[in-house]
Amino acid sequence: MDINKFLSAFILVLLVLLNYWIYEIGQKPPTIATKSYTEKNKNVGKVQRKTDQETTELQQTEQQLKEQTNLKNNDHQQEHGHGHGHDHTHAVSNKQTLPPNPLKEGQLKQLFEEYHLVDIQNIDPSIQVDLKYATQQNFMGQNVYGDLKKAYLRHEIAQKLSKAQEYLKEHDPHLSLLVLDAARPVRVQQYMWDLVKNTPQRHYVAYPGSSIHNYGAAVDLTIVNKQGEALDMGTPYDHFGPKAGSKKEAEMLQSGELQQKHINNRNLLRSVMRKAGFLSIRNEWWHFEAVRKKEVAQLYRLIK
Ligand SMILES: [Zn+2]
């Protein structure tokens with residue numbers, strides 16, 4: 001055989017082998033290839049989930065914007081910001097994510113006593129008390145007062161309230177004042193603030209420390225009859241539509257949204273409270289203050 005032909009054939013074989021070898025190392029071993037494929041799919045899954053999450057977040061943001069728009073269009077924010085709620089049908093809260101109010105047994109009672117507040121019923125046992133925030137039947141759907149059962153106020157303010165009860169009894173001995181809320185410490189106001197901060201109710205809870213309730217100088221109340229039933233005031237407690245205020249009462253009486261008996265019952269409450277020295281506000285039929293906001297900080301200590 002010609003040596004050149006032999007060499008050519010040998011080189012050709014080498015080239016074929018080299019080519020095959022190059023092809024072989026270009027391929028990954030089958031096990032690694034499978035893993036890689038799986039990982040790749042996993043990553044695709046992750047990207048997909050992230051996209052889904054972003055879409056949900058986007059939908060939530062859109063929902064929040066819608067709520068904000070609805071609120072703007074139907075804004076009944078209280079000018080005095082006393083820290084109540086809105087219509088019970090809209091009650092939403094963070095109670096799923098926020099732990100229960102971390103109050104120890106007897107903590108609020110002890111706190112009020114440290115601030116020299118008095119139990120209203122120690123001043124006047126005939127005044128009835130049902131603290132709505134110490135139950136779940138409120139706009140937050142959560143008890144924010146722990147085991148507190150009594151309503152506390154500054155001593156002289158509790159005395160004023162006793163006067164109002166006296167005036168009510170003069171009008172009709174079968175009627176009584178029913179206190180729904182009174183002194184409320186800043187720590188509870190803060191808890192309420194946190195509870196509603198991501199809900200439409202955030203507009204209806206006063207900033208911690210800015211409510212006259214935080215000084216023990218405001219009271220929320222209604223009137224009950226001999227059977228202990230609350231007189232019909234036209235809206236429930238903590239209803240925040242214009243129906244709860246006095247501004248549009250005449251108009252709403254005309255339109256039939258409020259009845260004469262509602263106005264009469266509200267007027268009775270206002271008259272005995274005003275006669276005793278309390279101030280009413282225009283947005284909430286149930287809320288009365290012994291002093292105005294601009295004066296309160298000079299007169300009383302904030303209950304922390
Ligand atoms: Zn109030």
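## Strands E6 and E7

Strands E6 and E7 (residues 287-289) are joined antiparallel by 2 bridges. In this pairing, Leu279 stands opposite Glu289 of E7. The model described here is predicted.

## The open sheet

E6 and E7 belong to an open sheet of 5 strands, ordered E2-E4-E5-E7-E6, with mixed pairing. Its edges are formed by E2 and E6 (279-280), each of which pairs on one side only.

Within this sheet, strand E2 (residues 128-129) runs parallel to E4, and 2 bridges join the two. Val129 stands opposite Val179 in E4. The pairing of E4 with E5 is antiparallel and comprises 5 bridges, with Leu177 opposite Ile223 in E5.

H8 lies across E5, E6 and E7 and runs at about 130° to E5.

## Packing of H5 against H8

The packing of two helices is described by the angle between their axes and the distance between those axes. For helix H5 (residues 155-171) and helix H8 (residues 260-275), the angle is about 130° and the axes are 8 Å apart. The two helices are therefore oblique to each other, and their crossing is right-handed.

On the H5 side, the contact is made by Ala164, Tyr167, Leu168 and His171; on the H8 side, Leu268, Val272, Met273 and Lys275 take part. By class, the residues of this contact comprise 6 nonpolar, 1 polar and 1 charged.

## The loop containing Gly241

Gly241 is located in the loop between strand E5 (218-224) and helix H7 (249-255). Is this residue buried, exposed or partly exposed? Gly241 counts as partly exposed because it has 14 C-beta neighbours inside 10 Å, whereas a buried residue requires 20 or more and an exposed one 12 or fewer.

Gly241 also takes part in a spatial relation across the sequence: Gly241 and Glu284 are 43 residues apart in sequence, with a C-alpha to C-alpha separation of 9.3 Å in space.

Note on methods: Residues numbered from 1 in each chain as written. Predicted model: local features only at pLDDT ≥ 70, side-chain atom pairs only at ≥ 80, totals over all residues. Axes fitted to C-alpha atoms, helices over the stretch in contact; angles between N-to-C directions. Helix = DSSP H or I, 4+ residues; strand = E, 2+ residues; numbered from the N terminus. Parallel < 35°, antiparallel > 145°, perpendicular 65-115°, else oblique. Left-handed = near helix turned anticlockwise from the far one by under 90°. Contact = placed C-beta atoms within 7 Å. Nonpolar A, V, L, I, M, F, W, Y, C, P; charged D, E, K, R; others polar. Pairing = 2+ DSSP bridges.
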